[in-house]
Amino acid sequence: MSLLKQKVVLITGAGSGVGRMTALACAREGARVAVVDLDAASGEETVRLVQATEAEAVFIQADVSQAEEMEAAVRRTVAAFGRLDCAFNNAGIVLDEQVRLADYEEAAWNKTLAVNLSAVWLGMKYEIPAMLRAGGGVIVNNASVMGVVGGCCCAYVASKHGVIGLTKAGALEYAKEGIRINAVCPGGIETPMMAALAPDERDRVTAMHPIGRLAKAEEIAETVVWLCSDRASFLCGSIVMVDGGYTIQ
Ligand SMILES: NC(=O)c1ccc[n+]([C@@H]2O[C@H](COP(=O)([O-])OP(=O)(O)OC[C@H]3O[C@@H](n4cnc5c(N)ncnc54)[C@H](O)[C@@H]3O)[C@@H](O)[C@H]2O)c1
């Protein structure tokens, strides 16, 4: 099966967790992958893992919250592979997640919004023109269950709600030009982000999933591959819950 045969896919935050697994899953489906990450060592390791499967990948170091670096990441992807077909705006952070709103530091707020929300807008801002030049494309933004309910620190929840709004706004504006824009909302995933939680907090989060466990990053990656593929051709502005039932309670 080659759901993404010869497609060029840009993935932000592809050095770790969901981004890395999505890079590998896209490559398995025939895509060429631009691995974008702030961290060179982990990004280059993702490229090595993709290339070990005989697929093509390039590493592009960028802080996606900086406009010129995000613009350069898109430009370098097109320079490497000739076009841009799909993008997964996935890089994200969580800071001071136990700190309540009134005690939350402005610096942590600004940083979280810059990486989780502004960078998704910047990604779309530069990806869309490249996709229009390619005759269309697909964007998937990584939100979270925290994009539809509360339950984490204010900055993370606000940023992820913003990603959903941005997804809908962009989807409406570009639907007629062959660009489909959707978002995934994962529940808790077994990634380094989750490993950073204290064990009792991790147990509490796990217990909130009716399915009785956290997701594997591969399970989010499979959904992103499907959304990028023509199999999802009528999804436009959809907010796809991949959450083990977290939000049906
Ligand atoms: N882990 C979870 O439980 C969970 C749940 C729901 C949603 N998400 C979302 O999934 C996405 C990926 O999370 P993950 O768990 O794989 O995280 P992770 O920490 O394993 O990986 C995130 C990657 O993003 C990179 N990154 C961070 N800031 C960056 C920046 N400014 N520019 C470029 N790269 C940057 C990091 O270097 C890292 O490689 C995030 O948006 C996160 O909010 C995660």
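**Close-up views of the sheet and its helices**

View 1. Helix α1 (residues 17-28) lies across β1, β2, β4 (86-89) and β5, and runs at about 170° to β1. Helix α3 also packs on the sheet, where it touches β1, β2 and β3, and its direction makes about 160° with that of β3. The model is predicted, so local features are given only at pLDDT of at least 70 and side-chain atom pairs only at pLDDT 80 or more, whereas totals for chains, interfaces and linings use all residues. Residues are numbered from 1 along each chain as its sequence is written, and side-chain values use heavy atoms, with hydrogens and water left out. Helices (H or I, at least four residues) and strands (E, at least two) are DSSP runs numbered from the N terminus; axes are lines fitted to C-alpha atoms, for helices over the stretch in contact, with angles from 0 to 180 degrees between N-to-C directions.

View 2. Seven strands form an open sheet with parallel pairing, in the order β3-β2-β1-β4-β5-β6-β7. Strands β3 (57-61) and β7 (239-242) stand at the edges, and each has a single partner strand, so one side of each is left without a neighbour in the sheet. From one strand to the next, the twist averages 20°. Two strands are said to pair if DSSP finds at least two bridges between them.

View 3. In strand β1 (residues 8-12), five of five residues are buried, that is, under 20% relative accessible area, where exposed means over 50% and partly exposed in between, with a 1.4 Å probe and protein chains only. Val-8, Leu-10 and Thr-12 on one side of β1 and Val-9 and Ile-11 on the other are all buried, which leaves both faces covered. Five bridges join β1 to strand β2 (residues 32-37) in the parallel sense, and Thr-12 stands opposite Val-36 in β2. Strands β2 and β3 likewise pair in the parallel sense over five bridges, with Val-36 opposite Ile-60 in β3.

**View 4. Strand β6 beside β5.** Strand β6 (residues 179-186) is mostly covered, eight of its eight residues being buried. Ile-179, Ile-181, Ala-183 and Cys-185 point one way from the strand, while Arg-180, Asn-182, Val-184 and Pro-186 point the other way, and all are buried. Strand β5 (residues 137-142) runs parallel to β6 and is joined to it by six bridges; Val-138 has Arg-180 as its bridge partner in β6.

**View 5. The crossing of α1 and α2.** The axes of these two helices come within 10 Å and cross at roughly 25°. That angle makes α1 roughly parallel to α2, the label for angles under 35 degrees, with over 145 as roughly antiparallel, 65 to 115 as roughly perpendicular and the rest as oblique. The crossing of α1 and α2 is right-handed, meaning that the near helix is turned clockwise from the far one by less than a right angle, and anticlockwise for left-handed. Arg-20, Ala-23, Leu-24 and Ala-27 of α1 make the contact with Ser-42, Glu-45, Thr-46, Leu-49 and Val-50 of α2, contact meaning heavy atoms within 4.5 Å. The residues of this contact divide into five nonpolar, two polar and two charged; Ala, Val, Leu, Ile, Met, Phe, Trp, Tyr, Cys and Pro count as nonpolar, Asp, Glu, Lys and Arg as charged, and the others, Gly among them, as polar.

**View 6. The crossing of α3 and α4.** Helix α3 (residues 67-81) and helix α4 (residues 106-133) have axes that come within 9 Å and cross at roughly 30°. The two helices are therefore roughly parallel to each other, and their crossing is right-handed. On the α3 side, Ala-67, Met-70, Glu-71, Val-74 and Val-78 meet Leu-122, Gly-123, Tyr-126, Glu-127 and Ala-130 of α4. By class, this contact has seven nonpolar, one polar and two charged residues.

View 7. Gln-6, a residue other than glycine, has a positive phi near 65°. Gln-6 lies in the segment before β1 and is partly exposed, with a relative accessible area of 49%. Glu-54 also has a positive phi, near 75°; its place is in the loop between α2 (40-51) and β3, where Glu-54 is exposed, with a relative accessible area of 76%.

**View 8. Met-241 and its contacts.** Met-241 belongs to strand β7 and is partly exposed, with a relative accessible area of 32%. Not counting residues up to four places away in sequence, Met-241 touches Val-145, Val-148, Cys-185 and Thr-247. The C-alpha atoms of Met-241 and Val-148 are separated by 9.6 Å, although these residues are 93 residues apart along the chain.
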